[in-house]
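Dear colleague,

I am passing on the structure we talked about, and below it I have set out what was found when going through it. Please read the notes with the coordinates open beside them.

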Amino acid sequence: MTDDDRATLGVGMLGYAFMGVAHSHAWRNVRSFFDVPLLPRLTVLGGRDVQSATAVADKFGWEHVESDWRAVIARDDVDLVDVCTPGDSHAEMAIAALEAGKHVLCEKPLANSVGEAEQMAAAAARARESGVRAMVGFTYRRVPAIALARAVVAEGRIGAVRHVRAQYLQDWLNDPAAPMSWRLEKARAGSGALGDIGAHIVDLTQFITGEQITGVSAMMETFIRQRPIAAPAGSGVKLGGHVDGGDVPLGEVTVDDAAVFLGRFSGGALATFEATRYATGRKNAIRIEINGSQGALAFDFEDMNVLHFYDGAESSQTAGFRRILVTEPDHPYLAAWWPPGHLLGYEHGFTHQALDLVNAIAEGRDPDPSFDDGLRVQRVLAAVEQSAVKDSAWTPVAE
Ligand code: SOE
């Protein structure tokens, strides 16, 4: 054993379900694979259900458990607060943490409304003056093939972006007997497929192209409006499920099941977006294709180690989409992992997110995506909702 003189970064995490588990894994493992300038310490896990929180804490090595989120923020040994709760508590928790001088990582979407997101961005701007950092967890930016796609666009390899085609397809609600959950309640989640998964493709396409969505025309639908209410099946990494029996009480689904919209990008590109939890057979397909004047890119998260690249500069005899296996040491994040061809998975994005945030904090610079980026996504989501209730009327995204 050698003494490690790196400073620690005490993490207090709020929430312990799907995202809490993904973030726990990242905070625990990032120091083992990357040479981080600050050593994350899994100081305290906050959760109202202490028994479930303790079960997760024990698995991942959190040192303490607190039932009161304010107590997590107040601890002197917490430097960073990681908000992994449903959207209805993001604003209150993140603002309180920033005002207490703690760095914040907040799960996506940033908030349940533009108003809340504006308050969060303002709190982040005030905190920045004293060196406190805030990041929103659009984790898929950290998938190596996505980071490579952004670099390829930035290098001008596909030229001017003309078309953006983006889909986020899941099918865990297709079963009418899949139970109610907070994700289906507007008061808790803000919106349904739109905010939960549509937010990712809004962020990813803006990230890859380096451009903003300026206006939208949208349709949204709730296919199944009542679902069985089932006792929560403990904590853990679950979506959907199936409730047997006819006399189970039903709850009202108050969010969208699917959102489909057209958009325009600031550089002139035309875009189509589709976010749905009813794409039978598609489990977590994030499909993005971008056509530029000189070439094109295509990605699907269900084959996440691959980026397809069409280079229009090649001779027409041999040109065609090339399948790039994004596992070389000079690909983003890859040098720290396995030899070429030894693939990465869903959890690596979260580890890379922790890495990027720790580096930004240590280097005294703002991480991205910032709360301002989260606010911009929120404005796109709001424009989609406004358009959908106005018969798909064209709706500019607020500046
Ligand atoms: C559920 O639809 C969900 O867990 C999203 O909330 C996540 O953001 C996405 O990564 C996977 O699907």
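**Backbone and neighbours**

Serine 392 counts as partly exposed, because 16 C-beta neighbours lie inside 10 Å of it. Please keep in mind throughout that this is a predicted model. Serine 392 is found in the loop between H10 and E17, and its phi is near 70 degrees, a positive value in a residue other than glycine. Aspartate 391, which follows H10, also has a positive phi, near 55 degrees. Tyrosine 333 is another non-glycine residue with a positive phi, of about 70 degrees; it lies in the loop between E16 and H9, and tyrosine 333 is buried, with 21 other C-beta atoms within 10 Å. These values deserve a second look, because most residues other than glycine have a negative phi, and most peptide bonds are trans.

**The nine-stranded sheet**

Nine strands make up an open sheet of mixed pairing, in the order E16-E15-E14-E13-E7-E12-E11-E8-E17. Strand E16 (322–325) and strand E17 (395–396) are at the edges with a single partner strand each, so one side of each has no neighbour in the sheet. Within this sheet, strand E7 (residues 161–169) runs parallel to strand E12 (residues 270–276), to which it is joined by seven bridges, and arginine 165 stands opposite threonine 272 in E12. E12 also pairs with E11, in the antiparallel sense and over seven bridges, with glycine 263 opposite alanine 271. E11 and E12 form a hairpin with four residues between them, and in its turn glycine 268 has a positive phi of about 105 degrees. Strand E14 (residues 295–300) and strand E15 (residues 306–311) are antiparallel over four bridges, with alanine 298 opposite histidine 308.

Helix H10 (residues 371–389) lies across strand E8 (213–221), strand E11 (258–265) and E17, and runs at about 50 degrees to E8. Of the 19 residues in H10, 16 are buried. At 1.5 Å a residue the helix should span 27 Å, which agrees with the 27 Å between its end C-alpha atoms.

**Strand E4 and its partners**

Strand E4 (residues 80–83) is covered on both faces, with Leu80 and Asp82 buried on one side and Val81 and Val83 buried on the other. E4 is joined by four bridges to strand E1 (residues 8–14), with which it runs parallel, and it pairs with strand E5 (residues 103–107) in the parallel sense, again over four bridges. Aspartate 82 is the bridge partner of methionine 13, and in E5 the bridge partner of aspartate 82 is leucine 105.

**The ligand and an exposed loop**

Phe18, Gln170, Asp196, Ile197, Leu239 and Asn284 surround the ligand, a shell of three nonpolar, two polar and one charged residues. Aspartate 244, in the loop between strand E9 (226–228) and strand E10 (250–252), is exposed, with 8 other C-beta atoms within 10 Å. The C-alpha atoms of aspartate 244 and alanine 178 are separated by 9.4 Å, although the two residues are 66 apart along the chain.

With best wishes

Note on methods:
Residues are numbered from 1 along each chain as its sequence is written. This is a predicted model: local features need pLDDT of at least 70, side-chain atom pairs count only at pLDDT 80 or more; totals for chains, interfaces and linings use all residues. A residue is near a molecule or strand if its C-beta atom, placed from the backbone, lies within 6 Å of it. Ala, Val, Leu, Ile, Met, Phe, Trp, Tyr, Cys and Pro count as nonpolar, Asp, Glu, Lys and Arg as charged, and the others, Gly among them, as polar. Two strands pair if DSSP finds at least two bridges between them. Helices (H or I, at least four residues) and strands (E, at least two) are DSSP runs, numbered from the N terminus. Two residues are in contact if their C-beta atoms, placed from the backbone, lie within 7 Å. Axes are lines fitted to C-alpha atoms, for helices over the stretch in contact, and angles run from 0 to 180 degrees between N-to-C directions. The expected span of a helix is 1.5 Å times one less than its number of residues. A residue is buried if 20 or more other C-beta atoms lie within 10 Å of its own, exposed if 12 or fewer, and partly exposed in between; C-beta atoms are placed from the backbone.
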